[in-house]
Amino acid sequence: MQGSQKAWKKPCCAGFGMDGQEMIRIAQVKTSTFRKPVSAELAALIRKAAAYTKERYGETEYIFVDEKDKTRPLQYTTIKHKILRLIQKEDLRDDEGKPFGFSTHMFRRSYGAKLTELHLDDWTIAKLLGHKGVSAVQHYRRMGNQILADETRRAREEQTRILLANLEGWEEEYEQIR
C-alpha cells in the first residue's frame, strides 16, 4: 500500500480521552498510527462519512473510497479535483472576491490550527502532524491567533453597530459613546 493511501483509512476505536475529549485513531501519512483529539462536530462528520461509505459501497477499509474499486482509497488528487469543481460550480469566493483555491494540504493546516486551539503542547502537535521538530508548530499557532483576532474584530464591529443603532433618541449624556 502506498503511503498516501494510508491517510484516509477508517478510524478504528473512536472514543474519548481521559479529559473527555473525543478521540479517533487514524493512520498518518508520514508517521505511524496515532490517537488524535477531534471536536464532537468533526467526530460526528467522520461517523456520517463512514456510514455513507458503508451504505453506498458496503464494508470497506477506507472512509473515502475509489468509486471504481472499493478496495482502494480515493486519491488526494481526486479529492482535490472534486472540491475544485464544487468551488467552480458554486462560484465560491474568498473575502477579496477571488475564487477559492484548494489543496489537500489545507486539511493538515486546518488540523494543525485546531490542535493549537485545543492547547496541546508543541511537541505533541509536531508528532501528530508528522514533523521532526517543533519549529513548524509556530505557523499553526499564528493561524489560530489570526482567526481568533478576525472573529473578535467582526463581533466587536457588530456590537458597535447595534449599540449605535440603539442610541438614537437618548439623552446628551450618552453622546460620549458615539
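## Ground rules

Helices (H or I, at least four residues) and strands (E, at least two) are DSSP runs, numbered from the N terminus. This is a predicted model, where local features need pLDDT of at least 70, side-chain atom pairs count only at pLDDT 80 or more, and totals for chains, interfaces and linings use all residues. Residues are numbered from 1 along each chain as its sequence is written, and side-chain values use heavy atoms, with hydrogens and water left out.

## The chain as a whole

The chain holds five helices and three strands. Read along the sequence, its pattern is β-β-β-α-α-α-α-α.

Of the 178 residues in the chain, 26% are buried. Buried means under 20% relative accessible area, exposed means over 50%, and partly exposed lies in between (1.4 Å probe, protein chains only). The accessible surface of the chain is about 12700 Å². Carbon and sulfur atoms account for 54% of that surface. These areas come from the Shrake-Rupley method with a 1.4 Å probe; for residues, only the protein chains shown count as cover.

Contact means heavy atoms within 4.5 Å. Among contacts in the chain with a separation of 6 or more, 37% join residues 24 or more positions apart.

Helix α1 covers residues 40-57. It has 18 residues and reaches 25 Å from its first C-alpha to its last. That is close to the 26 Å expected at 1.5 Å a residue. The expected span is 1.5 Å times one less than the number of residues.

Which residues of α1 are buried? They are A43, I46, A49, A50, T53 and Y57. Seen down the axis of α1, the buried residues fall within an arc of 125°, so they line one face of the helix. The arc is that of the directions from the helix axis to the C-beta atoms. The face turned away from this buried side carries the exposed residues E41, L45, K48 and E55.

T53 lies in α1 and is buried, at 4% relative accessibility. Leaving aside neighbours within four places in sequence, T53 is in contact with G58, T60, Y62, I63 and V65.

P73 sits in the loop between α1 and α2. P73 is also buried, at 2% relative accessibility. P73 and I63 are ten residues apart in sequence. In space they are 7.8 Å apart, C-alpha to C-alpha.

Helix α2 spans residues 76-90 and has 15 residues. From first C-alpha to last it reaches 21 Å, close to the 21 Å expected at 1.5 Å a residue.

D91 follows α2, in the loop between α2 and α3. Phi of D91 is near 50°, a positive value in a residue other than glycine. Most residues other than glycine have a negative phi, and most peptide bonds are trans.

## Salt bridges

Side chains of opposite charge can pair when their charged atoms come close. A salt bridge here is a side-chain nitrogen of Lys or Arg within 4 Å of a carboxyl oxygen of Asp or Glu. The count comes to six salt bridges.

D91 is partly exposed, at 45% relative accessibility, and R93 is partly exposed at 39%. E59 pairs with K54, the closest N and O atoms being 3.1 Å apart. E59 is exposed, at 54%, whereas K54 is partly exposed, at 45%. E158 pairs with R161, with the closest N and O atoms 2.6 Å apart. E158 and R161 are three residues apart in helix α5 (residues 137-166), so about one helical turn separates them. Both are partly exposed: E158 at 37%, R161 at 49%.

## Nonpolar cores

A nonpolar core is a set of buried Ala, Val, Leu, Ile, Met, Phe, Trp, Tyr and Cys residues joined through side-chain atoms within 4.5 Å. Which residues make up the largest nonpolar core? There are eight: Y111, L115, I125, A126, L128, L129, V137 and Y140. The elements giving two or more residues to this core are α3 (105-117), α4 (122-129) and α5. α4 gives the most, with four residues.

A second, separate core has six residues, including V38, A43, A49 and I63. A43 and A49 are among the buried residues of α1. I63 is one of the contacts of T53.
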